[in-house]
Amino acid sequence: MIPVRILGTASVLSGRPRTTTELAESLVPRRNPAAMERKTGIRTRYWVDEGTTMAGLGAEALGQALAASGLEARALRRIIFATSTGGDCLIPATANRVAAALGLAGSCDCLDVNNACMGFLTAFDLGARSVATGLGPVGVVVVETPSRYVTPADHRPYLVFADAAAAAVLGTGRPGEGVLAARLWNNGSLPPDTVLAHPGLTGQREFVTFVQPADDIVRIALDALCAGAKATLEEAGLRLDEVEWVLPHQPSGAMLAYIVSALGLDPARIVRVVEEIGSVGSASVPVSLDRLLRTRPVRPGDRILMVGVGAGVAHGAILYRVGT
């Protein structure tokens with residue numbers, strides 16, 4: 001076990017909600033809105049306004065998580081900023097600007113992490129291990145703004161991707177509380193499925209592209225996600241029906257339905273967000289975690305399985321037990 005406590009969480013949706021109907025009507029060529037909503041399982045999503053910075057959103061989310069934890073920003077020893085959409089700049093790390101926005105100067109270290117849609121779980125694992133070795137509290141903050149990298153000329157990413165921010169503050173765990181098991185992998189030998197090329201390499205503006213057929217993406221992602229959940233549960237010596245809450249990555253409403261079916265999940269044990277907020281990359285799991293802890297009857301001793309998959313192919317899960 002890794003002794004760590006989730007001290008506080010928060011999530012932020014910025015910009016105005018955009019309906020699938022609105023976006024479908026702007027496609028080239030135009031698509032039937034009702035059919036697109038059924039296919040994606042997404043009714044609305046949020047796209048940030050022009051000029052919104054990722055550091056600003058990250059500071060807002062982390063500030064709210066700190067308030068929920070009862071800590072001031074200067075208590076943090078480390079800030080880990082996770083994103084799959086590049087941050088505000090390549091140099092320096094966007095985490096530096098999050099810290100500056102919180103009024104911090106020289107009081108903690110700051111770093112960025114990119115592991116596609118697995119970014120939060122990767123950052124959570126790093127944060128938990130930092131806390132366990134005495135470097136805590138840690139602020140884990142995720143910001144995704146893929147709306148800046150989609151185009152109506154390519155309807156598949158255009159209709160699913162959306163923006164969101166979320167944060168969690170991790171501190172020292174109490175007896176019996178913390179990460180029971182964590183299994184994280186990447187398999188770069190598999191064919192790439194989702195790509196956002198680097199404009200510094202290509203010399204042109206780039207957009208998110210699905211480079212594999214939808215059926216192949218679903219098959220590979222589902223196999224990887226299920227393998228991560230199984231291995232993590234085996235490490236903890238538990239069955240899935242012994243876990244009170246399951247928070248899967250939610251790439252689309254259709255994909256979430258496949259995940260629920262493949263794992264045999266009781267829908268009452270998950271927190272559905274994709275219909276309302278769209279596919280928000282590595283922010284998907286922490287947004288559902290925040291809503292779980294704020295709106296559901298989570299009790300001491302409850303176990304939360306956070307399981308994901310992303311381009312890379314990155315996959316795995318973390319099993320966390322709630323303390324008193």
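**Close-up 1. Asp-163 and its partner Ser-147.** The side chains of Asp-163 and Ser-147 are joined by a polar contact of 2.6 Å. A polar contact is a pair of N or O atoms within 3.5 Å; within protein, one atom must be able to donate a hydrogen and the other to accept it, and residues adjacent in sequence count only if both atoms are side-chain atoms. Before we look further, note that this is a predicted model, in which local features need pLDDT of at least 70 and side-chain atom pairs count only at pLDDT 80 or more, while totals for chains, interfaces and linings use all residues. Residues are numbered from 1 along each chain as its sequence is written, and side-chain values use heavy atoms, with hydrogens and water left out.

Asp-163 sits in the loop between α6 (155-160) and β7 (164-172). Helices (H or I, at least four residues) and strands (E, at least two) are DSSP runs, numbered from the N terminus. Is Asp-163 buried or exposed? Asp-163 counts as buried because its relative accessibility is 1%; buried means under 20% relative accessible area, exposed over 50%, and partly exposed in between (1.4 Å probe, protein chains only). Not counting residues up to four places away in sequence, Asp-163 touches Leu-13, Tyr-46, Trp-47, Val-48, Glu-144, Thr-145, Pro-146, Ser-147 and Val-280, where contact means heavy atoms within 4.5 Å. From C-alpha to C-alpha, Asp-163 and Arg-148 are 9.2 Å apart in space and 15 residues apart in sequence.

**Close-up 2. Arg-303 in strand β12.** Arg-303 belongs to strand β12, which covers residues 303-310. With a relative accessible area of 17%, Arg-303 is buried. Its side chain reaches the backbone oxygen of Glu-242 at 2.7 Å. Apart from neighbours within four places in sequence, the residues in contact with Arg-303 include Leu-180, Leu-238, Val-243, Trp-245 and Tyr-320.

**Close-up 3. His-249 in a loop.** Look for His-249 in the loop between β11 (245-248) and α9 (253-263). His-249 counts as buried, because its relative accessibility is 2%. Leaving aside neighbours within four places in sequence, His-249 is in contact with Cys-117, Ile-259, Gly-281, Ser-284, Val-285, Val-307, Gly-308 and Val-309.

**Close-up 4. Helices α8 and α9.** Two packed helices are described by the angle between their axes and the distance between the axes. Helix α8 (residues 214-236) packs with α9 at an angle of about 45°, and their axes are 11 Å apart. Axes are lines fitted to C-alpha atoms, for helices over the stretch in contact, and angles run from 0 to 180 degrees between N-to-C directions. That angle makes α8 oblique to α9: angles under 35 degrees count as roughly parallel, over 145 as roughly antiparallel, 65 to 115 as roughly perpendicular and the rest as oblique. The crossing of α8 and α9 is right-handed; a crossing is right-handed if the near helix is turned clockwise from the far one by less than a right angle, and left-handed if anticlockwise. On the α8 side, the contact is made by Val-218, Ala-221, Leu-222, Leu-225, Cys-226 and Ala-229, and on the α9 side by Met-255, Tyr-258, Ile-259, Ala-262 and Leu-263. By class, this contact has eleven nonpolar, no polar and no charged residues. Ala, Val, Leu, Ile, Met, Phe, Trp, Tyr, Cys and Pro count as nonpolar, Asp, Glu, Lys and Arg as charged, and the others, Gly among them, as polar.

**Close-up 5. Helices α3 and α4.** The axes of helix α3 (residues 54-69) and helix α4 (residues 94-101) come within 8 Å and cross at roughly 55°. That makes α3 oblique to α4, and their crossing is right-handed. Ala-55, Gly-58, Ala-59 and Leu-62 of α3 meet Thr-94, Arg-97, Val-98 and Ala-101 of α4. Sorted by class, the contact of α3 with α4 has five nonpolar, two polar and one charged residues.

**Close-up 6. Backbone details in the loops.** Most residues other than glycine have a negative phi, and most peptide bonds are trans. Ala-116 is not a glycine, yet has a positive phi of about 55°. Find Ala-116 in the loop between β5 (109-113) and α5. A cis peptide bond, with omega about 0°, joins Gly-136 and Pro-137. Pro-137 is in the loop between α5 (119-132) and β6 (138-144). From Gly-312 to Val-313 the peptide bond is cis, with omega near -15°, and Val-313 lies in the loop between β12 and β13 (314-321).
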